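Have the sequence and the 3D view ready before you read on.

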Amino acid sequence: MLLQSLWDYILGHSALLSSPFFPVLFTPCVYISFSLPFILLDLLSPHLAWVRSYKIQGESQISWTTMGQCLGLFFYNYLFYLFPIILVHWYLRPISLPTQAPQSLRLVWDVLACLLLFDFQYFFWHLLHHRVPWLYRTFHKVHHAHTSTSVLTTQYSGVWETLSLGFFASINPYLLGCHPLTEMLFYVLNIWLSVEDHCGYDLPWATHRLVPFGLYGGAPHHDLHHLKFRSNFAPYFTHWDRLFGTLHEH
């Protein structure tokens with residue numbers, strides 16, 4: 001009933017959802033919104049010891065220049081590459097909105113399946129771009145310009161990496177036949193987890209503290225990857241790194 005009420009509310013704004021403005025504005029608005037609390041923490045951390053105590057690399061600080069560079073590259077990639085692709089996709093594949101919401105269990109399963117598939121795709125893409133020197137130098141090195149993660153480094157990537165990860169994220173709900181509501185929730189969750197991965201803070205309510213048995217790496221897992229380069233290639237979960245012997249926790 002709750003999902004159907006939510007979906008009915010969304011359907012009441014179908015004109016907006018079907019317009020080109022929604023897909024164009026969705027990603028940057030969600031990304032910036034999720035980033036703002038961590039930007040605030042970065043601004044406060046030099047002045048407040050209790051905020052610094054949660055930083056993974058306690059001595060690191062982010063400057064206004066670095067924030068400007070990160071935002072500049074994000075908007076450059078978005079305006080000149082993602083924006084045209086989104087418009088073409090909107091034109092060639094008009095959105096279809098069913099009247100019925102997905103069942104709750106199906107929604108949870110499909111979102112988890114999309115995350116697991118994205119985790120699989122990105123792990124092997126990431127591993128390949130570290131193991132092949134030409135791929136690393138040409139495409140992935142940009143993302144490793146910062147050895148200490150901060151939230152705006154999430155999207156500090158070259159065009160090829162931005163397009164690759166965007167393709168993985170957008171194709172998975174289609175491959176799995178997800179409901180539009182499920183697709184939307186997956187996009188939101190995927191952006192949040194990516195932002196959290198790069199936030200540079202080990203907070204008490206972080207996702208890796210909520211998922212048991214060390215199944216989820218989270219911000220400490222990914223921060224160590226940026227620091228050491230040779231381990232922790234999966235974006236979210238830890239099973240692929242365990243299987244390939246690339247998991248390092250300290």
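## A histidine and its neighbours

Which residues does histidine 198 touch, not counting residues up to four places away in sequence? The list is His143, Thr149, Ser150, Val151, Thr153, Thr154, His222 and His226, where a contact means heavy atoms within 4.5 Å. Histidine 198 sits in helix α9; helices here are DSSP runs of H or I with at least four residues, numbered from the N terminus. With 6% relative accessibility, histidine 198 counts as buried, because buried means under 20% relative accessible area, exposed over 50%, and partly exposed in between, using a 1.4 Å probe and protein chains only.

A word on the ground rules: this is a predicted model, so local features need pLDDT of at least 70 and side-chain atom pairs count only at pLDDT 80 or more, while totals for chains, interfaces and linings use all residues. Residues are numbered from 1 along each chain as its sequence is written, and side-chain values use heavy atoms, with hydrogens and water left out.

## A helix with a kink

Take a look at α5, which covers residues 64–92. Its 29 residues should span 42 Å at 1.5 Å a residue, and the end C-alpha atoms are 40 Å apart, which agrees. The expected span is 1.5 Å times one less than the number of residues.

There's a kink of about 40 degrees at leucine 82, shortly before proline 84. The bend at a residue is the angle between axes fitted to the seven residues ending there and the seven starting there. Leucine 82 is also one of the buried residues of α5, a group that includes Thr66, Met67, Cys70 and Ile86. What do these buried residues pack against? They pack against α3 (21–44) and α8 (159–175).

The largest pocket has a volume of about 1600 Å³. Of the 50 residues that line it, Thr27, Gly166, Ala169, Ser170 and Tyr187 are the closest to its centre. On a 1 Å grid over the protein atoms alone, a pocket is an open set of points where a 1.4 Å probe fits, with protein on both sides within 12 Å along at least five of seven lines; lining residues have an atom within 4 Å of a point. Helix α8 gives the largest share of this lining, 11 residues. By class, the lining has 30 nonpolar, 16 polar and four charged residues. Ala, Val, Leu, Ile, Met, Phe, Trp, Tyr, Cys and Pro count as nonpolar, Asp, Glu, Lys and Arg as charged, and the others, Gly among them, as polar.

The second largest pocket comes in at about 190 Å³. Its 13 lining residues include Tyr216, Gly217, His221, Thr238 and Glu249, the closest to its centre. For both volumes, grid points are joined across faces, edges and corners, and the volume is the space filled by probe spheres set on the points.

Most residues other than glycine have a negative phi. Phenylalanine 213, in the loop between α10 (207–210) and α11 (218–228), has a positive phi near 65 degrees. Asparagine 232, in the loop between α11 and α12 (239–243), also has a positive phi, about 55 degrees.

Are these two residues buried or exposed? Phenylalanine 213 is exposed, at 74% relative accessibility, whereas asparagine 232 is buried, at 0%.

How values were computed: Helices (H or I, at least four residues) and strands (E, at least two) are DSSP runs, numbered from the N terminus.
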